[in-house]
Amino acid sequence: MQKTVHRNCYFIDFSNLINKMSAYIHIYTNALTDDLIPTILKRLNEHESVLDINSSFSFRNSNGNLPIVFKWEKPSLEIFNENNLKLNFSTSIKPFDLKEYKKKLFKDKIIKQSFIQKLTTLFKKKKKKKAVKTIKLSAEIEAQLQNYNKVFSIKYHAGDVFENHFGTLIGAIITELTKGVCHFTQDNVWYDSKNVLRESLVNLYTLEELPNHINKNVVAVAS
């Protein structure tokens, strides 16, 4: 854990912690511009005390970082309540094509099954071959994905309380603002822009905290 001094405040940087399990939020959308960044910060502050999204962040970067500074004003891990904390998410934005995506899913499935079959042959002399089937997305998700041409990805560490919390919140807000669809790889769950924030808030807050977060007015989304 690294402490750095900046503007007479102490920042605790959690981005260098090791041995944490990586997870991704993939957001499929058409509407990603830097004009959204102030609105993202505003929406974050409806739920948490986020002090800053670093000006170095841009949706124009194919590979970059999303640094945020925040306060953890909660009884859990209250030892950090007096500090300004810093997270630095790895991000990427790439072109998206549904047909190519489905080909990749199919290829990954074959590789995975082949690896499992090799392992099982170490323990069994005879093994029935399994039929390889194409991975199919739900009809609803596939119908939505065909409308998008970009995928924005946020990498976070699911075992880190702060990264999991803010990564989920940021991913949900961006999905909602851009009228996109997102995939949370950790739980292998898909959300669309209509349900992502509400579902995410239910997972992030206790029953006592939830009423203060879930009844927010939705702002106008990107066109």
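This is a predicted model: local features need pLDDT of at least 70, side-chain atom pairs count only at pLDDT 80 or more; totals for chains, interfaces and linings use all residues.
Is the crossing in which α4 passes α5 left-handed or right-handed? Keep that one in your heads for a minute, and I'll come back to it.

Let's start with the whole chain. We have 223 residues, and 43% of them are buried. The chain holds six helices and nine strands. If you take the contacts with a separation of 6 or more, 69% of them come from residues 24 or more positions apart.

Pair one is α4 with α5, residues 196-204. Their axes come within 9 Å and cross at roughly 165°. Anything over 145 degrees counts as roughly antiparallel, so that's what α4 and α5 are to each other. And here's the answer to my opening question: α4 passes α5 in a left-handed crossing. Who's touching whom? On the α4 side it's N164, H165, T168, L169, A172, I173, T175 and E176, and on the α5 side V196, L197, S200, L201 and L204. Sort the residues of that contact by type and you get seven nonpolar, five polar and one charged.

Pair two is α1, residues 37-44, with α4, residues 161-177. Here the axes sit 10 Å apart and the angle is about 125°, so we call α1 and α4 oblique. This crossing is right-handed. From α1 you have T39, I40, R43 and L44, and they meet L169, I170, I173, I174, E176 and L177 of α4. That contact splits into seven nonpolar, one polar and two charged residues.

You'll find L77 in the loop between β5 (63-71) and β6 (84-95). With 38% relative accessibility, L77 counts as partly exposed.

Then there's K179, not a glycine either, with a positive phi of about 55°. Look for K179 in the loop between α4 and β8 (181-184). K179 is partly exposed too, at 44% relative accessible area.

That's my tour. Who's got questions?

Terms used
Residues are numbered from 1 along each chain as its sequence is written. Side-chain values use heavy atoms; hydrogens and water are left out. Axes are lines fitted to C-alpha atoms, for helices over the stretch in contact, and angles run from 0 to 180 degrees between N-to-C directions. Helices (H or I, at least four residues) and strands (E, at least two) are DSSP runs, numbered from the N terminus. Angles under 35 degrees count as roughly parallel, over 145 as roughly antiparallel, 65 to 115 as roughly perpendicular and the rest as oblique. A crossing is left-handed if the near helix is turned anticlockwise from the far one by less than a right angle, and right-handed if clockwise. Contact means heavy atoms within 4.5 Å. Ala, Val, Leu, Ile, Met, Phe, Trp, Tyr, Cys and Pro count as nonpolar, Asp, Glu, Lys and Arg as charged, and the others, Gly among them, as polar. Buried means under 20% relative accessible area, exposed over 50%, partly exposed in between (1.4 Å probe, protein chains only).
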